[in-house]
Amino acid sequence: MKRQKKAILVVSFGTSDKDSLKKTIEQIENEIQNVYQNSVVYRAFTSQMIIDKLKKKGMVIDTVKEAMDKIVKEGYDAVICQPISIMHGMEYQKMLTMLEFYKDIIDIRCGTPLLSSVEDYDKVTEAIIAEIKCNTKDAFVLIGHGTKHFKDACYSILKDCFLTKGYSNILVDTLENSSNTLLQKLQIIGSNTVYIMPFLIVAGKHTNCDIFGKEDTWKTKISSQGYTVYAIEKTLGEYPSIRNIFIEHIQNAIKKTPMIL
C-alpha cells in the first residue's frame, strides 16, 4: 500500500516583529518538524497587512491559499492545518473559509486553537502559573487581544480556571476593554505590586505600543494609580509547555476524518 505523503501547514495571524517571529512561530514550526520528521512543515499568515509589510522588508510569507496551492502542486495526499491562535475566533473562521476550496482536492484535517477543551484550559493555566512563578500575594494581569466574536468568553473562562486553582489574584482582561474595570479589580485584590504579561502568542504592535509602551498604555495607566508594575514581556509562544499543546492538537487532528465544512 502506498504511503501517504503528508504536509503540515502552520497558520497564524502573523507578526511583523522578526525577533518575535523567530522566538514563537518559527520555534513552534521547528518543534513540529522535529516531531513529524516525515512531513514537511509550511507556514501561512492570515493577515494580508502583515504579509504586505514583511514583503517590503524582503520577507515573503504565503497566504493560506498560496501555501495550499504549493502543497497541492507538490503532490501531497494529505495536509494537517494547525492554527496558532488562542480561540475559535474570526481568524480561525477565516482559515476554514480559505480551506473550503481544497476539501475535495486533498485530505485536509484541522487542528484546534490553544483553548479548545477543558483539558486545554487546565494545561494553559498550569503552564502560566509555572512559567511566571505566580504567588498568591501579588497581582498578576494577563492581557489578551479580545474579539467581538462570541468566543471572547474564553477569557472569562480562563480567569475562572485560575480562581478554581486558588489564584483570585490573577486577572484576565483584553485590549478591547477599558482599563477602568481592571483598576477596580486591582483595588479589591489590595496588592501594591502588579505583574502584567501579554496573553498573546506572538509579540508585535500590541505588546510594544498598547501594553508596555511609555505613553497611554496599560502599564502606564496602572502605574499612575500608585502601583509598582513589573512587565513580563514573554509571549505565550515562547513557553515550551504552550508550544507542546499545539503539537498535541496536531496529534489529535491526525486521528480525525478528513475535514467537512
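Let's start with helix 6 (residues 118–131) and helix 11 (residues 240–254), which pack at an angle of about 160° with their axes 9 Å apart. That angle makes helix 6 roughly antiparallel to helix 11 (the label is for angles over 145 degrees; under 35 is roughly parallel, 65 to 115 roughly perpendicular and the rest oblique). This is a predicted model, in which local features need pLDDT of at least 70 and side-chain atom pairs count only at pLDDT 80 or more, while totals for chains, interfaces and linings use all residues. Residues are numbered from 1 along each chain as its sequence is written, and side-chain values use heavy atoms, leaving out hydrogens and water.

A word on terms: helices (H or I, at least four residues) and strands (E, at least two) are DSSP runs numbered from the N terminus. Axes are lines fitted to C-alpha atoms, for helices over the stretch in contact, and angles run from 0 to 180 degrees between N-to-C directions.

Back to the pair: on helix 6, D120, K123, V124, A127 and E131 meet P240, S241, I242, I245, E248 and H249 of helix 11 (contact means heavy atoms within 4.5 Å). By class, that contact has five nonpolar, two polar and four charged residues.

Helix 6 also packs against helix 7 (residues 154–164). Here Y121, V124, T125, I128 and I129 of helix 6 touch C154, I157, L158, C161 and F162 of helix 7. This contact has nine nonpolar, one polar and no charged residues.

| Helix pair | Angle | Axis distance |
|---|---|---|
| Helix 6 and helix 11 | about 160° | 9 Å |
| Helix 6 and helix 7 | about 65° | 10 Å |

Now for the cysteines. A search of the whole structure turns up zero disulfides (pairs of cysteine sulfur atoms within 2.5 Å). For C81, the nearest cysteine sulfur is that of C110, 5.0 Å away. C81 counts as buried because its relative accessibility is 0%, and C110, at 6%, is buried too (buried means under 20% relative accessible area, exposed over 50%, partly exposed in between, with a 1.4 Å probe and protein chains only).

Finally, a look at two loops. Most residues other than glycine have a negative phi. K133, not a glycine, has a positive phi of about 50°, and sits in the loop between helix 6 and strand 5 (139–144). With 66% relative accessibility, K133 counts as exposed. D216 has a positive phi near 50° as well; its place is the loop between helix 9 (205–211) and helix 10 (218–223). D216 is exposed, at 62% relative accessible area.

Notes
Nonpolar A, V, L, I, M, F, W, Y, C, P; charged D, E, K, R; others polar.
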